[in-house]
Each structure stands twice: as C-alpha cells, then as structure tokens.
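Let's take a walk through this structure together. Have a look at the sequence and the model first, and then we'll go through the parts one at a time.

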Amino acid sequence: MPLVNNKVGDDCTDEALADGKALVDSLIKVVACYRHLASCVGGCTDSLQLREELRQTREKAQMLSVAICSHLTSHLRNKRLPEGQRKEMELLWVAFSSSLELLHGDMCKVFNVAEIFSLANTDSLVQTGLQGGGSEVAARALSLPDLNRAQSPTLPAGLESQERSTMEQEIGQIEHMIDDMEMKVNVMRWMVEPHGPQYTDPLSSTDSASLALLSVDEEQPGRQPLCQRSQIFVLLLMFAVVLVAATLSVCVVFFS
C-alpha cells in the first residue's frame, strides 16, 4: 500500500489558499481604483490621461480575473479538497464573483457615459469642482511608480471610436467569464457564511452607550424613565386646562 504524505498535501493546499487570497485582494483594490476613476468620466477632470488610466486599470483587472478564475476553479472542482479549505475557497469565490460583477457594471457605466461626453468637445464636460487625485490612486493599484505623463494637446483621430470598440469586446469577455464561472462551479452565495474574527460585527460606541443606559435602568428600577415623566406632565397640564375651562364656563353662566 503506497504511503501518502498528508503534511505535504496540506502545505500545498495552504499555499494555494494563500495565493488565492493575495490574488483576490489585489483584484478588489484594482476594482475599487477603477470605480474611483470611473466616477470622473464626463466631469471636469476627464481627459486623455484619465481614459488611459482607465484602460490600464481595466487590463490589470482582467488579467487578475483570468488568473483567479483558473486558480479557484481548479481547486473547487477537486473533490479531495478538505472541508475547511473548501469553505475558504468558496469565500474567495464569492468575493471574486462579486468584484467581477462590480467591474462589469462600472465598465458599462464608463462605456455609456463616454458616449455622451466626448473629449472632442470639452465644453460639454460637467464642472464638478474635483481636481486631480486619480493618477496617484491608479498608480498604487497598478503597483506603478507614477502615471503622470504629458497629455496630448489634441485628440487623435478615431481614438474614441477605437476605444469604444475595444471596450465593447472587453465587456463581452467579462460577461462570458461570469456565465462560464456559474457553469463550472456551483457555489451558492446565500449558502456561504463568513467566519472568523475579521467578519464579526463589533458594537459601535453608540450601541455600547445604549447598552450602558439599559443596564443602569435595570439596576435602578425605582427611577422613572424620562419619557414616562414627560407623559405625566402633559396629562397634568391637560387636566389643568380642562379644569380652568370648566371654571370659566360656570362663571359665565352664573354672572350672565
């Protein structure tokens, strides 16, 4: 009977899990960067440089998506994967698929907004009041030293139409990847539960203060809550008003 080194297999699984987490974390950062840049399309900070940053960020996200899809699919389809590692892989799968859907939505948004606001007519751009900041965010997400480059003074002929055609193909590729993922791996999102200390819901300061007030009220049952005292005061005031009105009406009857 052949001997199986379980420790080596567990080490390989842990390494694959760590690689998957690193890839998914990188994708989340890149998708967040793309969303930040996408919010500037059509505004006063829209420019050729912004469109180039969007293209580079989009390419980085697609490259990571292909690597993550291949990595997670190969492990989730492995029936010998331990239950603990399978749950972790499923968590990564949910995070990956959610990020991919966000990327797809932002790409569609950029595609539609760029059609309305053309760089050929900068006067039509919305004056939002924002100034810069996108290049630094994109550089950090893409792990590049700097993305600041001299912008071309004029829009190259046919650049926007070529960019739209390329982006339309990329949107179709993302849609195909999402459909292909659902066919290859059957992970029901509503069945995947987060666990661990990073997913706990700590009490906020407001909740803690509310609990402290409740505990004080429970420890001192003789104290009346503020709302009850207010209600008693209102009832007494209404009774006094009714009494005064009744007295005035009797006086009017007797002295008329």
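This is a predicted model: local features need pLDDT of at least 70, side-chain atom pairs count only at pLDDT 80 or more; totals for chains, interfaces and linings use all residues.

The protein chain has seven helices and zero strands, so if you read along the sequence, the pattern you get is α-α-α-α-α-α-α. The chain holds 256 residues, and 30% of them are buried. How much of the contact comes from residues 24 or more positions apart? Counting contacts with a separation of 6 or more, such residues account for 82%.

Now for three helices that pack against one another: α2, α3 and α5. Start with α2 and α3. Helix α2 runs over residues 48–76, and helix α3 covers residues 83–116. Their axes are 10 Å apart, and the helices pack at an angle of about 155°. Angles over 145 degrees count as roughly antiparallel, which is why α2 is described as roughly antiparallel to α3. The crossing of α2 past α3 is left-handed. On the α2 side, the residues making this contact include Leu 54, Ala 61, Ile 68 and Leu 72. From α3 come, among them, Met 89, Trp 93, Phe 96 and Leu 100.

Next, bring in helix α5, residues 159–184. How do α3 and α5 lie against each other, going by their angle? They pack at about 155°, with axes 10 Å apart, and are therefore roughly antiparallel to each other. This crossing is left-handed. Trp 93 and Phe 96 are among the α3 residues in this contact, as are Leu 103, Met 107 and Phe 111. Helix α5 contributes residues including Arg 164, Met 167, Ile 171, Ile 174 and Ile 178.

That leaves α2 and α5. Their axes come within 12 Å and cross at roughly 20°. Angles under 35 degrees count as roughly parallel, so α2 and α5 are roughly parallel. Their crossing is left-handed. Among the residues that make the contact are Arg 51, Arg 55, Val 66 and Cys 69 of α2, together with Glu 160, Glu 163, Met 167 and Met 177 of α5.

Time to zoom in on some rings. A search of the whole structure turns up one aromatic pair. Trp 93 and Phe 96 form that pair, and the arrangement is edge-to-face, with 6.2 Å from centre to centre and 70° between the planes. Why are these two about one helical turn apart? Both sit in helix α3, and they are three residues apart there, which separates them by about one turn. Are they buried or exposed? Trp 93 counts as buried at 4% relative accessibility, and Phe 96 is buried too, with a relative accessible area of 0%.

Another ring to find is that of Phe 111. The charged end of Arg 164 sits over this ring, 3.9 Å from its centre.

Gln 85 is in helix α3, and its relative accessible area of 17% makes it buried, because the cut-off is under 20%. Which residues does Gln 85 touch, not counting residues up to four places away in sequence? Those are Thr 13 and Asp 14. Leu 119, by contrast, has its place in the loop between α3 and α4, where α4 spans residues 134–141. Leu 119 also counts as buried, at 10% relative accessibility.

Key. Residues are numbered from 1 along each chain as its sequence is written. Side-chain values use heavy atoms; hydrogens and water are left out. Rings of Phe, Tyr and Trp (its six-membered ring) pair if their centres lie within 6.5 Å; planes under 30 degrees apart count as stacked, over 60 as edge-to-face and the rest as tilted. Helices (H or I, at least four residues) and strands (E, at least two) are DSSP runs, numbered from the N terminus. Buried means under 20% relative accessible area, exposed over 50%, partly exposed in between (1.4 Å probe, protein chains only). A charge sits over a ring if NZ of Lys or CZ of Arg is within 6 Å of the ring centre and within 35 degrees of the ring normal. Axes are lines fitted to C-alpha atoms, for helices over the stretch in contact, and angles run from 0 to 180 degrees between N-to-C directions. Angles under 35 degrees count as roughly parallel, over 145 as roughly antiparallel, 65 to 115 as roughly perpendicular and the rest as oblique. A crossing is left-handed if the near helix is turned anticlockwise from the far one by less than a right angle, and right-handed if clockwise. Contact means heavy atoms within 4.5 Å.
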